[in-house]
Amino acid sequence: MSKETVRIGCASGFWGDTEFAAAQLVEHGDIDVLVFDYLAEITMSLLSRAKDKDPSQGYAPDFVATMRPLLKQIKSRRIQVIANAGGVNPSACRDALLAEAQAEGVELKIAAVLGDDLMPQLETMRAAGVKEMFSGAEFPPKVMSANAYLGAFPITAALDAGADIVVTGRCVDSAVTLAPLIAHFGWRADELDKLAQGSLAGHLIECGAQVTGGNYTDWASVPGWDDMGFPIAECRADGRFVITKPAGTGGLICPSTVAEQMLYEIGDPCAYILPDVVCDFSAVSLTQAGPDRVEVNGARGRPPTDQAKASLTYADGFRAMSLFMIGGIDAGAKAHRTAAAMLARMRRHYAARGWPDFTETSVEAIGAEDSYGAQARRGAREVMLKIGVRHPIKEALELFSREVAPMALMSAPAITGFTGGRPKVQPVVRLFSCLWSKSELNIGIDMGAQKVSTPQLDGKPCDFEALPVVDGPLPAADAFARGTRSVPLVQLAWGRSGDKGDSANIGIIARQPDFLPYIRAAITEEAVSRWFAHLVQGAVRRYDLPGIHGVNFLLHKALGGGGIASVRMDPQGKAYAQMLLDHPVPVPADLAL
């Protein structure tokens, strides 16, 4: 492998991503390393339940199935593979992959990184008074899964020991990319700017095709959705890298597609906290370096903290969601009356049985723009009515499920299209995020009979409030002297939104640097709070990124609990950026757009 550059391709952005990406990268990407990201925060609880039923399970079986037909090529091309597919059972994932390699007659050294599982330490954490890091909530009484986010250095130790494939449990998504860079280039733990650049490379490719034109604001300009190229980070020893994709594949790589992904699911860009480094992305620059090639530079690093973020999940009652169509004149109004009648009916029967009221209800007429709140344009003639409910008693929601279809004969005309039959009653799984000392983590590496020493995890407390504040420009005093007009934000900017627990973020990038002052003047924290007042219950905070002429908004308590705890139609804030791009922005009458 050349020491000048290392090419790392990412074949999965979530558990359930396309099965074709890995083969595309192996056969056409000329890659040195293949990485996969499988683990969303709630995924760990699902894998924990699978392991409870069968101790040999608890990992992402899709990974093993995807790797099986590629093992011979991976061996012959000397491609290293790193994946967080181990879930809550990394050693079982290693064993399954070893069995497949032996069946194929391929000799590979496979390692599993252990130590993220905090279930054995629950009572110690409870006794220590650990609280939820965002809300301050008390430690949950019954935990389904508990995992610390590990970093890159344990993976690097496995690679240094000769591993061809490394599987991990819960680690930060970018670590699977940073680790091979540390291993190949010999980066030290105190080379913080290089670690920040490597982490940014991992952050950009961790969601697969989202950086190669997927989910792009200007979607109509992206070719080849039927054969989207998956991303490759072409990295150098000094930390600089280029984002590209296999030649001849669909998609689009330009500064704005990369910038959108850079802002995806982050908070303060000056303090993006990872186990190995605290990153500052505020001055990152993105330069077109050729067709479908964007050079990325300018990430800066600060020392890591002495605490690891941990994600716990716990059960909190049950939920059900019904979805059916209502057509014809005043479809939105019919939908709302139907939903109100259904909920009132259930409450009457619950009271008769001595059951409590719903814990939460959510009614959205999809097509009547309910998700837009005060910005909705009314008059739809067909809608999908979604009614989401939560309740502490499973039997109460089973009754609700049985009573959805009867509304078709006792309420509005043109009710049809019951999606998926009766609503399924599911347990509500909530996320509890907290901090735990790195010194309490018991990191290990399973390479069978081979013993591998693990690195010492360290860090120090960081006063994030003391970090310098980065501000952006505002319009000049005489900017509107020649008149004013109003345009939607989408004419001035690109945008992307994402989620972290119950918080959402919206990243906005100016299409031209001259547009940024007007964007910042109009799209303030107060303006975003008003725009999403029907959805956001917490504070809104804005952060500036002068390097890409952008801003990032963090919306707290914005997703109704987030993930599978939410009964909203959009529990991950995926549509929030698109909704904000309708916001009007006053600009000078003579500003060229």
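Buried means under 20% relative accessible area, exposed over 50% and partly exposed in between, with a 1.4 Å probe and protein chains only. This is a predicted model, in which local features need pLDDT of at least 70, side-chain atom pairs count only at pLDDT 80 or more, and totals for chains, interfaces and linings use all residues. Residues are numbered from 1 along each chain as its sequence is written, and side-chain values use heavy atoms, with hydrogens and water left out.

**Salt bridges**

The structure holds 26 salt bridges, each defined as a side-chain nitrogen of Lys or Arg within 4 Å of a carboxyl oxygen of Asp or Glu.

Glu260 and Arg496 are both buried. Arg430 counts as buried because its relative accessibility is 16%, whereas Asp316 is partly exposed, with a relative accessible area of 31%. Arg347 is partly exposed at 33%, and Asp357 is partly exposed at 42%.

**Nonpolar cores**

A nonpolar core is a set of buried Ala, Val, Leu, Ile, Met, Phe, Trp, Tyr and Cys residues joined through side-chain atoms within 4.5 Å. The largest such core has 125 residues, and those that touch the most other members are Leu34, Phe36, Phe63, Ile165, Ile243, Val296 and Leu312. Beyond its neighbours within four places in sequence, Phe63 is in contact (heavy atoms within 4.5 Å) with residues including Phe36, Tyr38, Cys93 and Ile165. Another core, of 34 residues, lies apart from the largest one and includes Phe515, Val540, Ala577 and Leu591.
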